[in-house]
Amino acid sequence: GAPGGTWDAGDNGIYTVTLLEGAVEDTLNNVTPQTGLGSFNVNISTAEPGVLTVLPASGLASSGTVGGPFSPPSIVYTLTNSGSSTLNWSASKVQDWVSLSSTGGSLVAGAWTTVTVSINANANSLAAGSYSDTVAFVNTTTGTGNTGRSVSLTVNSAGLLEVWPATDFSASGMVGGPFSPPSVVYTLTNSGGSTLNWTASPALDWLSLSLSNGTLAAGATATVTASLSSLANALVEGSYTNTISFVDTTAGGSGVVRSVQLTVNSIPVVLTGSWLESAGFRVLLLGQPLRAYVIEASTDFADWTDVVTNTTQADGTLVLVDSEATQTSARFYRARLWP
């Protein structure tokens, strides 16, 4: 009421006290001409303002490959009113690849709520690079406890499998081997920005690989040796083509192919002979191991007659004793593969 006035005996008076925030301790004086000074004490505590607390204190740091997904995809913040009176709060961000589960509300004293900060689908269209944003948590009632949390996003380029050398592998040799060069070493490199898985396989089994699969982190390398296997030794005369497929299985099967060329040359046939006493003429054939040959004979180089068809030994030799050679003054021999 007013700071002065007149009271009759028995009257009651009401003083209205306007309080500021915080604790108040004071004395109210009542002065009357009749009785002199009278007083009483006032000790009143007002409520503390609302205080916004946000946990955890860390930001969201996410990463992944172009197109997503990104990990971790989100973080949950707990907002608490640690004061003694109700507060209003807001949450905001800038980038469209960041989402908030809630952007504002009210908290009575001691209450709490959660806000999830997420990397949304818009991030899937971002190019490789580093991106950032800040989520602002604001106590819109008093400003006490205003804070921010960082959001960082690293978008890595996809893994990219490269194979060197880029040239094809060519080898040659005689039937039964050996072949030269016997092998080639390929270097596999991941020149992209994220880990990839790879496989390697030959189309035909006369080629073997030292490794058939593996994992390459960004920038890492591995080597694969491609060698002519023992099965190549069984190949007959001719030209052969093989392929090695190096596949990035992480990228959905993309990869590179290297061609392998193998030339198998025939072993020249060598015929030598000597007379055997009363038995005939001994013919020694030296050719390809374990191959069938036909040895023919002629007395005039015009008409040829098959004398024997047989298979050479493991050392490539075949022996013929021609008893009919004693019945002619001249006899000539030649050999050919059969069939």
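A search of the whole structure turns up four salt bridges, a salt bridge being a side-chain nitrogen of Lys or Arg within 4 Å of a carboxyl oxygen of Asp or Glu. Before we follow them, please note that this is a predicted model, in which local features need pLDDT of at least 70 and side-chain atom pairs count only at pLDDT 80 or more, while totals for chains, interfaces and linings use all residues. Residues are numbered from 1 along each chain as its sequence is written, and side-chain values use heavy atoms, with hydrogens and water left out.

Let us begin with Glu-296. Its side chain meets that of Arg-334 in a salt bridge of 2.6 Å, N to O. Arg-334 lies in strand S28 and Glu-296 in strand S25 (residues 292-298), so this pair ties together parts that are 38 residues apart in sequence. Strands here are DSSP runs of E with at least two residues, numbered from the N terminus. Glu-296 also forms a salt bridge with Arg-336, where the closest N and O atoms are 3.3 Å apart.

How buried or exposed is each member? Glu-296 is buried, with a relative accessible area of 6%, while Arg-334 counts as partly exposed at 38% and Arg-336 as partly exposed at 37%. Buried means under 20% relative accessible area, exposed over 50%, and partly exposed in between, using a 1.4 Å probe and protein chains only.

Rings of Phe, Tyr and Trp (its six-membered ring) pair if their centres lie within 6.5 Å; planes under 30 degrees apart count as stacked, over 60 as edge-to-face and the rest as tilted. By this rule there are seven aromatic pairs. One of them joins Phe-281 and Tyr-333, stacked at 5.6 Å centre to centre with 10° between the planes. Phe-281 sits in strand S24 (residues 280-286) and Tyr-333 in strand S28 (residues 332-337), so the pair connects parts that are 52 residues apart in sequence. Phe-281 is buried at 18% relative accessibility, and Tyr-333 is buried at 17%. Ring pairs also bring in Trp-275, giving a cluster of Trp-275, Phe-281 and Tyr-333.

Now turn to the nonpolar cores. A nonpolar core is a set of buried Ala, Val, Leu, Ile, Met, Phe, Trp, Tyr and Cys residues joined through side-chain atoms within 4.5 Å. The largest one has 27 residues, and those with the most contacts inside it are Tyr-186, Leu-188, Trp-206, Phe-246 and Leu-262. Several strands supply at least two residues each, including S13 (161-164), S17 (196-202) and S21 (238-248). Strand S20 gives the most, with four residues. Apart from this core lies another of 24 residues, among them Leu-79, Leu-107, Val-117 and Val-155.

Two strands pair if DSSP finds at least two bridges between them. S17 and S21 pair in the antiparallel sense over five bridges, and Phe-246 in S21 is the bridge partner of Ala-200. S21 and S22 are antiparallel too, over eleven bridges, with Val-256 in S22 as the bridge partner of Phe-246.

We finish in a loop. Thr-312 is found between strand S26 (305-311) and strand S27 (317-322), and counts as buried at 2% relative accessibility. Its side chain reaches the backbone nitrogen of Leu-290 at 2.8 Å.

Conventions
Polar contact = N/O pair within 3.5 Å; in protein donor to acceptor, adjacent residues only side chain to side chain.
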